Amino acid sequence: MKILKFGGTSVGSAENINKVISILEQQSKDTNIAVVVSAVGGITDKLLEAANLACNKDLEYKQTYNAIWSQHSKVIEGLFENSDHDKNLKKSHEALYDLISEKLNELKSLLDGIYLINELSPKTKDKLLSFGEALSSTIIYHTLKSRQVDVAYKNAQELIVTDSNFNNAIVNFEITNINIQLYFNSNSNAIVLLPGFVSKSVHGEITTLGRGGSDYTAAIIAAAIDADELQIWTDVSGMYTTNPKLVKQAAPIVELSYQEAVELSHFGAKVLYPPTVMPVLKKKIPIVIKNTLDPEALGTTITENTQPNGSPVKGISNIENIALLTLQGNGMVGVPGFGKRLFETLAQEKINIVLITQSSSEHSICFGISDNDAKRAKEVIDTVFEYEIQLLKIDPIIVETDLSIIAVIGDKMKNHQGISGKMFSTLGKNNVNIRAIAQGASERNISAIIHKNDVKKALNSLHEQFFEIKTKQINLFITGVGNVGERLIEQIHQQKSYLKENFKISLKIAGLSNSRTMVVNDDGINLKHWKQQLENGEKASLKGFLNHVKKLNLRNSVFVDITANDAVANIYGDYLKHSISVVACNKIACSGNIEYYNELKILSRQYNAAFLFETNVGAGLPVIDTLNHLVTSGDKINTIQAVLSGSLNFIFNNFNAETTFYDVVKQAQEEGYTEPDPRIDLSGIDVARKVLILARESGHALELSDLESDNFLTNDAMEAASVEDFFKTLIKDETYYQSLFKSAEDKNCQLKFVAEFNNGKAKVGLQEIPEGHPFYNLKGKDNIVMFYTQRYPEQPMIIKGAGAGADVTASGLFADIIRIANN
Ligand SMILES: NC(=O)C1=CN([C@@H]2O[C@H](COP(=O)(O)OP(=O)(O)OC[C@H]3O[C@@H](n4cnc5c(N)ncnc54)[C@H](O)[C@@H]3O)[C@@H](O)[C@H]2O)C=CC1
Ligand SMILES: N[C@@H](CC=O)C(=O)O
């Protein structure tokens, strides 16, 4: 025989009750079943609300009563919607309606009585609450009957006998078990339907079984008759690996042991309330959690032992609204009795302790309790230890609120080393601060107290670590979606599935901003329509964007700066301080004052957040990465010689007697090689910034003002007030630029804008490069960097290739993002 229990949602509407009936018809084909039902969803709360209103002399109770009426009437109408066409069905419909009216009239009299006497005793409350299950079970029983199902009705009050502890009655198992056995031994109906939650005292008064009462009814019956299985039907497909409202990837757990289920349900998995299923645990009866709305789903089977080859971690749970209290002081060390007094005080105050930890120095005891109890706990503990506090033996108790507990759970964790290591390193990498830790000797549960704002991030990171076969999600927040930014989004869109499949990296763009608007979406921005979404976003603001990113608090968050803006560069520190990595192709931060550059490097280390800017030099070429590898492996950089401007190389490669300087500069701008403001390239500042960054990465504390810069532009060009005016000077001064070309051509040289770093000094300037020099044949928009080092003294290490352009720069940014993902 099997016992099936259906909760409030399962019997909450005619549609769901029809689903319940199909399940019953199906299951009763194989074996007899006992079916325990809860009240229609929401009714128990409404009964209480009506009673409290009545008790407080508030006539609104009549409205609530009417709502209870109409909710049941709606269910009945839905179940008998075709009764007009069938005589028998019509009769059943009317009979049921009369029965329910009778019960509801009784309820009305009770509520009127409460209103009149202005009192709601625990005994009356139980009588009142019992209406919920009585109504739902009557409706379902009569519906089954009207559909010719072989069903018997048994009021659980006639079987389950309790003491007179109203609202939370204690079961007398001796009498109850006999009652149940006698009844089921003499019953042959395929289905027996019973209301859950209700019972009667030995004196015949109505009692109820407290929280999770219907589960308890089902478990008591299952244990009494040694049932083959207890099925709990609810509105989710079992117990989940973690809270599915916070972690989208959470999935139902197929198998759990009783202990694991109890641990998980203690820690927030609401589908099972442990005390209620204790009777079946003793008898080792399997419990199956199933979904009424999706009966084909496997659900969760809970038995004594699970498969030996199952995963060691079964679930991750959390309890919200926790306060952490710390009792500390030198006077506690080596003195017995402090713990006893502390915990006795809490017990007397009926304050439940959720977690305890004590350091081996015995200097402090920490414990977690519900936030609601924190104030009361502080008052009573400080009073009890008033004498010791006055003598400065201990401090007044310290209370920290707004915390949550997260716990990793699994029976087999104790046979695996490294689980707690993985748990804490995952939390640490994601900058989740751990306030307290507890692990029992059973090693079935490792718990940590963290700030409530970190719970979502912590659960997602841990879920990814333990359940998602190493897929790492990277959450990108991109500022600047011009030439380069747009290409990066395209590249990410194109590569997303490939990266996920082949490298287990899941890239999500969770935020986008340009200088006008910004959009942030926890679920990720749809990359097919990102322009529209950004267009319709809220007004852009750097602080606003940062606040969104902080509030979302997603794991592996990366801020990507693809602007040329100094205000954006100045905000990196705020991201790093929140353990949000920064990837920048904007060169301002690394070439601005050295204190800021150093501070960013320190913050990056301190907060375990990457700060990468490979595209600052050579666009997509691996210049900085290579330099870093040389330096970290102990090499010394002696000299760097380089052509670092893609746009200037393009310009001087295409400028000759047949072209004009204006035309080739315009073309470089249109091809996307120049900075947003081309004067930054032509003036040599961009190259100066790049060589400065290389010098700094080589270990030299230089400022931009330390560099020698040989400018080749005319004074008018240098002083032009706008880009437009600048271009006008190029037309005006064409003869001058032609003379530069002519001078080089006459010497059979090529014009190259060269950067040099030597002996701690750096300079940039236009040079006439003779044939045979490695720079002479540098094509198109290429860059070349030659590192002369201690290990490469004669023949330099050379990096060469396209050093400008939106596509290659975007791919350089992409490479930095992947570096973070692979870390
Ligand atoms: N084009 C290239 O070959 C290379 C470019 N870079 C760097 O890439 C950066 C971007 O270059 P492009 O895409 O060509 O420039 P762009 O002018 O096409 O795009 C810049 C974007 O930044 C946005 N922006 C500016 N100020 C902003 C603010 N305060 N908040 C939010 N967004 C803001 C603009 O709205 C625009 O969408 C520059 O720093 C440049 O030095 C680096 C290496 C190579
Ligand atoms: N404008 C730069 C490209 C970005 O760094 C160049 O021309 O090299």
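Hi everyone, let's start with ligand 1: 24 residues surround it, and the closest are N483, V484, T563, E675 and G805. By "surround" I mean that a residue has a heavy atom within 4 Å of the molecule.

A word on the model before we go on. It is a predicted one, where local features need pLDDT of at least 70, side-chain atom pairs count only at pLDDT 80 or more, and totals for chains, interfaces and linings use all residues. Residues are numbered from 1 along each chain as its sequence is written, chains are lettered from A and ligands numbered from 1 in the order in which they are written, and side-chain values use heavy atoms, with hydrogens and water left out.

Back to ligand 1, and its polar contacts, meaning pairs of N or O atoms within 3.5 Å. The backbone of T563 puts an N or O atom 2.7 Å from a ligand oxygen, and V481 has a backbone N or O atom 3.2 Å from an oxygen of ligand 1. On the nitrogen side, a polar backbone atom of G672 sits 3.1 Å from a nitrogen atom of ligand 1. On its own, ligand 1 has 850 Å² of accessible area, and the protein covers 85% of that; those areas come from the Shrake-Rupley method with a 1.4 Å probe.

What classes of residue make up the shell around ligand 1? There are nine nonpolar, 13 polar and two charged residues. In this scheme Ala, Val, Leu, Ile, Met, Phe, Trp, Tyr, Cys and Pro are nonpolar, Asp, Glu, Lys and Arg are charged, and the others, Gly among them, are polar.

Now for ligand 2. Here 13 residues surround the ligand, the closest being K587, G646, S647, E675 and D681. A polar side-chain atom of S647 is 2.6 Å from a ligand 2 oxygen, while an N or O atom in the side chain of D681 lies 2.7 Å from a nitrogen of ligand 2. Y673 contributes through its backbone, with an N or O atom 2.9 Å from a nitrogen of ligand 2. Taken alone, ligand 2 exposes 260 Å², and the protein buries 92% of that. Its shell divides into three nonpolar, five polar and five charged residues.

The contact of α2 with α4 has nine nonpolar, no polar and no charged residues. Thanks, everyone!

Key: Polar contact = N/O pair within 3.5 Å; in protein donor to acceptor, adjacent residues only side chain to side chain.
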